[in-house]
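Take a look at the sheet in this protein.

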Amino acid sequence: MLEIRNLVKAFGGVRATDDVTLTFETASLTAIIGPNGAGKSTFFNQLSGAIRPDSGEIRLDGQNLVGLSIGEIVRRGVGRAFQVASIFPSLTVEETLLAAVSAHHRHAGRLGTRFPLASTRAHAGHCVAMVGLHDKRHILSANLSHGDQKLLDIALALVLEPRVLLLDEPTAGMGPEERWRVIDKVHELWERQKMTVVFIEHDMDIVFKIAPSIRVLSYGRVLAEGTPQQIRTNPAVVEAYLGSEHEVAA
């Protein structure tokens with residue numbers, strides 16, 4: 001279980017997260033939504049250790065992660081894929097994952113070898129298969145479509161064997177067809193791996209279709225929590241973010 005308690009982070013006089021308290025059950029799938037400037041990215045940056053909160057706690061299975069390094073938070077079980085895919089353009093998909101697995105298992109001396117350990121190759125192959133890139137494993141990362149680059153970035157996070165996977169706008173910048181292909185793969189990963197997945201998303205059609213639970217942030221505070229139907233019909237959420245067209249659709 002991932003528990004956030006009274007999380008506060010201020011930049012100057014602006015509280016990017018303002019007393020945020022949330023709980024994400026083990027193996028749950030949750031969408032984080034809210035208008036621009038709501039504090040969503042700052043929230044993720046605190047969960048992953050990129051930013052240290054001013055106060056509050058971030059507990060994973062009872063252990064407080066606040067103050068730990070990014071590497072230690074990763075080792076405790078939190079993985080993250082970013083809005084802009086972080087890949088190695090000069091490497092193939094397979095080479096990228098082999099390098100990542102070797103680094104994760106601290107086989108640094110074998111990063112450049114033509115003959116990686118069998119366990120390394122097996123782990124890399126498993127991660128490639130999980131995101132559906134097995135048939136593209138010999139393609140240079142730079143030559144992948146935008147959607148496949150995002151899937152590769154997710155695979156890099158999966159290498160770390162996370163218990164909690166944070167996805168920052170996994171469909172950003174994609175056309176409709178590619179957007180649904182990627183989000184369907186994310187949903188499939190969640191169902192198969194039974195990990196806790198938390199994702200930021202602006203496409204409400206995606207959010208309402210695949211997320212059993214939704215949390216809404218506004219001006220750094222938790223505005224609402226609930227099911228898609230509860231969020232669709234919440235007057236405060238409609239006024240602050242969704243707009244009247246979603247209320248009518250609901």
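## A bridge between neighbours

Leu166 has Val198 in S8 as its bridge partner. This is a predicted model. The two strands involved, S7 and S8, run parallel and are joined by 5 bridges. To get from S7 to S8, the chain passes through helix H6, residues 176-193. This β-α-β crossover is right-handed.

## The other side of S7

S7 also pairs with S6, again in the parallel sense, over 4 bridges. Val78 has Val164 in S7 as its bridge partner. Arg80 stands opposite Leu166 in S7.

The residues of S6 point two ways. Val78 and Arg80 point one way, while Gly79 and Ala81 point the other way. All of them are buried.

## Inside S7

How many residues of S7 are buried? The count is 5 of 5, so S7 is mostly covered, given that buried means under 20% relative accessible area. Val164, Leu166 and Asp168 point one way from the strand. Leu165 and Leu167 point the other way.

Leu165 counts as buried because its relative accessibility is 3%, and the cut-off for buried is under 20%. Setting aside neighbours within four places in sequence, Leu165 is in contact with residues including Gly79, Arg80, Ile154, Met195 and Val198. Ala81 is 84 residues away from Leu165 along the chain, yet their C-alpha atoms are separated by 7.8 Å.

## The whole sheet

Now step back. Which strands make up the sheet, and in what order? There are 6 strands in an open sheet, in the order S6-S7-S8-S3-S9-S10, with mixed pairing. Strand S6 (78-81) and strand S10 (221-226) stand at the edges. Each has a single partner strand, so one side of each is left without a neighbour in the sheet. From one strand to the next, the twist averages 20 degrees.

Strands of a sheet pair through backbone hydrogen bonds, either parallel or antiparallel. Strand S9 (residues 213-218) and S10 run antiparallel, joined by 5 bridges. Here Arg215 has Glu225 in S10 as its bridge partner.

## A helix on the sheet

Helix H1, residues 40-48, packs on the sheet. Which strands does H1 touch? It touches strand S3 (29-33), S6, S7, strand S8 (196-200) and S9. The direction of H1 makes about 150 degrees with that of S7.

Terms used
Residues numbered from 1 in each chain as written. Predicted model: local features only at pLDDT ≥ 70, side-chain atom pairs only at ≥ 80, totals over all residues. Heavy atoms only, no water. Buried < 20%, exposed > 50% of the residue type's maximum accessible area, 1.4 Å probe, protein only. Contact = heavy atoms within 4.5 Å. Pairing = 2+ DSSP bridges. Axes fitted to C-alpha atoms, helices over the stretch in contact; angles between N-to-C directions. Right-handed = clockwise from strand over helix to strand, strands pointing away.
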